[in-house]
Amino acid sequence: PAGYESVVAVTAVGDDLRIYRGANRGAYIDFSAPGVDVQVVSAKVETRFESGTSFAAPFISAALAAARLKTPEKPPEQLVSLLQASAEDLG
């Protein structure tokens with residue numbers, strides 16, 4: 001699904017900004033976010049560390065939601081462009 005034109009594609013990076021070995025790669029990626037050794041809470045209310053794009057995507061979802069609150073009149077495509085303009089291009 002990340003390769004579809006209408007999807008905001010997110011990949012996972014570590015603290016060193018290197019792409020997680022099991023993460024998506026390609027020209028279709030829109031954003032990267034922390035996704036290596038992210039601390040999460042399990043169903044047993046224990047914390048553990050997980051890696052993957054599923055843990056990176058919420059960071060971008062939250063950033064887009066915050067942008068939406070600030071500028072609700074802008075269409076989603078413009079919100080993505082605004083976020084991209086403020087992001088660091090990792091190549």
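User: Which residues lie nearest the centre of the second largest pocket, and how many line it?
Analyst: The second largest pocket has 13 lining residues, and Glu 5, Ser 6, Val 7, Val 8 and Asp 30 lie nearest its centre. This is a predicted model, where local features need pLDDT of at least 70, side-chain atom pairs count only at pLDDT 80 or more, and totals for chains, interfaces and linings use all residues. Residues are numbered from 1 along each chain as its sequence is written, and side-chain values use heavy atoms, with hydrogens and water left out.

User: What counts as a pocket here?
Analyst: On a 1 Å grid over the protein atoms alone, where a 1.4 Å probe fits, a pocket is an open set of points with protein on both sides within 12 Å along at least five of seven lines; lining residues have an atom within 4 Å of a point.

User: What volume does the second largest pocket have?
Analyst: About 180 Å³, where a volume is the space filled by probe spheres set on the grid points, which are joined across faces, edges and corners.

User: And how does its lining divide by class?
Analyst: The lining of the second largest pocket has seven nonpolar, three polar and three charged residues. Ala, Val, Leu, Ile, Met, Phe, Trp, Tyr, Cys and Pro count as nonpolar, Asp, Glu, Lys and Arg as charged, and the others, Gly among them, as polar.

User: How much space is in the largest pocket?
Analyst: About 490 Å³. It is lined by 21 residues, and Asp 30, Phe 31, Ser 32, Glu 88 and Leu 90 are the closest to its centre. By class, that lining has 12 nonpolar, five polar and four charged residues.

User: Which elements each supply at least two residues of that lining?
Analyst: Strand 1 (10-13), strand 2 (31-34), helix 1 (53-70) and helix 2 (76-86) do. Helix 1 gives the largest share, three residues. Helices (H or I, at least four residues) and strands (E, at least two) are DSSP runs, numbered from the N terminus.

User: Switching to helix 2: which residues are buried there?
Analyst: Leu 79, Val 80 and Leu 83 are buried in helix 2. Buried means under 20% relative accessible area, exposed over 50%, and partly exposed in between (1.4 Å probe, protein chains only).

User: Why do they line one face?
Analyst: Seen down the axis of helix 2, the buried residues fall within an arc of 100°, so they line one face. The arc is taken from the directions from the helix axis to the C-beta atoms. Turned away from that buried side is a face with the exposed residues Glu 77 and Ala 85.

User: Ser 86, buried or exposed?
Analyst: Ser 86 is exposed, at 61% relative accessible area. Its side chain reaches the backbone oxygen of Leu 83 at 3.0 Å.

User: And Thr 71, buried or exposed?
Analyst: Thr 71 counts as buried because its relative accessibility is 17%. Thr 71 sits in the loop between helix 1 and helix 2, and its side chain reaches the backbone oxygen of Ala 67 at 2.9 Å.

User: Last topic, strand 3. Which residues are on its covered face?
Analyst: In strand 3 (residues 38-41), Val 38 and Val 40 form the covered face, while Gln 39 and Val 41 form the uncovered one. In a regular strand, side chains alternate between the two faces of the sheet.

User: In what sense does strand 3 pair with strand 4?
Analyst: Antiparallel, over four bridges, with strand 4 at residues 47-50; two strands pair if DSSP finds at least two bridges between them. The bridge partner of Val 40 in strand 4 is Arg 48. The hairpin has five residues between the strands, and Val 45 there takes a positive phi near 60°.

Notes:
Polar contact = N/O pair within 3.5 Å; in protein donor to acceptor, adjacent residues only side chain to side chain.
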